[in-house]
Amino acid sequence: MKIKTVLVSTLAVAALGTTTQSCLALATSSIGLSILKQILLGGISKGLGIFGNKNAFLQNDLVLKALPENLRGVYNVLDKIAPSLTTKGKDYIAQAAAYTVNISEPILKNAVNSLTAEDVNRVANGGSGAATQLLKEKTAQQIMLAIQPKVDEKLNEFGIVRSINMALDGNSILGGIFGTQTNTGSTNLSKLASEQMVNGLFNIIEDYEKQNQMQLLDALQKK
């Protein structure tokens, strides 16, 4: 009788221990997911805030770092033959960036809100910048496809594409920048500008993630 009682008691304690560990794992996993979402949403908010402010966009080092080489090449040529167009081109791209905020925001936030426990595990084992990399994989292509038509529309509305093409007409350097094409083209310029916007935005989000890295790692290590 005593043996049976001890056995039942032991099994009950073991079951309780397993249940407690499962509940703890579930709770801490939820905390990790919550912190992950909080940090990514904070980075998104910061990035879109910069995109919504023309001067902030133009002066942000992480946006400048995202400048595609081909677009840099266009600016370098313009600096030599029509420097005022370089300034105007950058200014109009910054203004066009503001029109992309309402397009990018729901895509990014929907992706963050749909993150799962699997995503938490991946970020926990992915090292520095893993959260941003995950978000980029989920949304970058979708954002690029969504914003490029709007960027193209705005740059043509401002007339900057036509002005740049006229200034660069016949310039042999363009062959090296755009291959066999004879001018920048609306699609080319808007594509390059859109690439800068997408990569610049993720640079800002990643920077925000790294600034909050200890908080994120602490939460994920306890998951």
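The largest pocket is lined by Phe57, Leu58, Val63, Leu64, Leu67, Arg72, Tyr75, Asn76, Asp79, Lys90, Ile93 and Gln196. Two or more of these lining residues come from each of α2 (54-59), α3 (61-65), α4 and α5 (83-98). Helix α4 supplies the largest share, 4 residues. By class, the lining holds 7 nonpolar, 2 polar and 3 charged residues; here Ala, Val, Leu, Ile, Met, Phe, Trp, Tyr, Cys and Pro count as nonpolar, Asp, Glu, Lys and Arg as charged, and the others, Gly among them, as polar. The volume of the largest pocket is about 180 Å³.

The model is predicted, so that local features need pLDDT of at least 70 and side-chain atom pairs count only at pLDDT 80 or more, while totals for chains, interfaces and linings use all residues. Residues are numbered from 1 along each chain as its sequence is written, and side-chain values use heavy atoms, with hydrogens and water left out.

Rolling a probe the size of a water molecule over the atoms shows where empty space is left. On a 1 Å grid over the protein atoms alone, a cavity is a set of points where a 1.4 Å probe fits but cannot get out, whereas a pocket is an open set with protein on both sides within 12 Å along at least five of seven lines; lining residues have an atom within 4 Å of a point. Grid points are joined across faces, edges and corners, and a volume is the space filled by probe spheres set on the points.

The structure contains 2 cavities of 30 Å³ or more. Helix α11 gives the most, with 3 residues. The lining of the second largest cavity has 7 nonpolar and 2 polar residues, and no charged ones.

The protein chain has 12 helices and 0 strands, where helices (H or I, at least four residues) and strands (E, at least two) are DSSP runs numbered from the N terminus. Helix α4 (residues 69-81) has 13 residues and spans 19 Å from its first C-alpha to its last, close to the 18 Å expected at 1.5 Å a residue, that is, 1.5 Å times one less than its number of residues. Its buried residues (under 20% relative accessible area, 1.4 Å probe, protein chains only) are Leu71, Gly73, Val74, Tyr75, Val77 and Leu78. Buried residues make up 41% of the 223 residues in the protein chain.

Terms used:
Buried < 20%, exposed > 50% of the residue type's maximum accessible area, 1.4 Å probe, protein only.
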